[in-house]
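Thanks for coming. I will show one structure and then walk through how its parts sit together.

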Amino acid sequence: RGYAEFDPPPAYISGPVTDYGLDTDGDLLYDMLVFEVPVEITSPVDVYLYCDLYDASDTVYLMWDDSTAELDVGSHVLEIQFRGWRIYQAGVSGPYTGHFSLYDLDTYDYYDGVVALSGTYQYDDWHHVTRVPDPGGRIVARTEYESNTAAARAVRQYDGEGNLVIS
């Protein structure tokens, strides 16, 4: 008798995690680091995918992100998207190490996990932003730039409510 006599989990990570930089606005800087995580579903389930992102040495914590999905039986690909400007602000070039964990959305039972290394990126490949806080710490304006050079031109400016002011 052995473990094979028990039901397998209803969801598991079924293959290698892949990644790419996504430029959503055509300015030749990445707006998102996207990880694609293949999962296999053995019975219908709502899942929660969580990821902590670290530098290549797996020692400098950068950020986290998550994703949820209602999935039927079969093969699926879930995405985790990290904001490029946060990578730029961290000043850390890739590859990046992602710690992925797959859970049941309702019970938070742990189903599976994997550690994956991204492709190589330079920190200044990512879209970057300046933020202006008021004395209370509330962001009252933010500006996005086309590159990180001294001659960079502002491409968008937002007020503190997230409304586009100048494009």
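A word on terms before the picture: helices (H or I, at least four residues) and strands (E, at least two) are DSSP runs, numbered from the N terminus. Two strands pair if DSSP finds at least two bridges between them.

Now the ground rules. The model is predicted: local features need pLDDT of at least 70, side-chain atom pairs count only at pLDDT 80 or more, and totals for chains, interfaces and linings use all residues. Residues are numbered from 1 along each chain as its sequence is written, and side-chain values use heavy atoms, with hydrogens and water left out.

Start with the hairpin. E7 and E8 form it, with five residues between them. In that turn, Tyr108 has a positive phi of about 60°. Strand E8 covers residues 110-117, and its antiparallel pairing with E7 runs over seven bridges. Within that pairing, Ser101 stands opposite Gly113.

What joins E7 to strand E4? Eight bridges do, and the two strands run antiparallel. E4 covers residues 45-54, and Asp52 stands opposite His99 of E7.

Put together, this is an open sheet of four strands in the order E5-E4-E7-E8, with antiparallel pairing. E5 and E8 are the edge strands, each pairing on one side only. Neighbouring strands here are turned by 15° against each other on average, direction ignored; the axes are lines fitted to C-alpha atoms, for helices over the stretch in contact, and angles run from 0 to 180 degrees between N-to-C directions.

Is E7 mostly covered or mostly open? Mostly covered: six of the eight residues in 97-104 are buried. Buried means under 20% relative accessible area, exposed over 50%, and partly exposed in between, with a 1.4 Å probe and protein chains only.

In soluble globular proteins, nonpolar side chains tend to be buried together. A nonpolar core is a set of buried Ala, Val, Leu, Ile, Met, Phe, Trp, Tyr and Cys residues joined through side-chain atoms within 4.5 Å. The largest one here has 30 residues, and those with the most contacts inside it are Leu33, Val47, Tyr96, Phe100 and Leu102. Among the elements that each supply at least two residues are E1, E3, E6 and helix H1. Leaving aside neighbours within four places in sequence, Leu102 is in contact (heavy atoms within 4.5 Å) with residues including Ala11, Val39, Leu78 and Tyr111.

Next, the rings. Rings of Phe, Tyr and Trp (its six-membered ring) pair if their centres lie within 6.5 Å; planes under 30 degrees apart count as stacked, over 60 as edge-to-face and the rest as tilted. The structure holds 13 such aromatic pairs. In one of them, the centres of Tyr30 and Trp126 are 5.2 Å apart and the planes are at 55°, so the pair is tilted. Tyr30 lies in the loop between E2 and E3, and Trp126 in the loop between E8 and E9, so the pair ties together parts 96 residues apart in sequence. Trp126 is buried, at 0% relative accessible area, while Tyr30 is partly exposed at 28%.

One aromatic cluster is formed by Tyr48, Tyr50, Trp64, Tyr103, Tyr108 and Tyr110. Tyr108 is the turn residue from the hairpin.

Last, Pro8. Its place is in the segment before strand E1, and Pro8 is exposed, at 57% relative accessible area. The C-alpha atoms of Pro8 and Tyr111 are separated by 9.4 Å, though the two are 103 residues apart along the chain.
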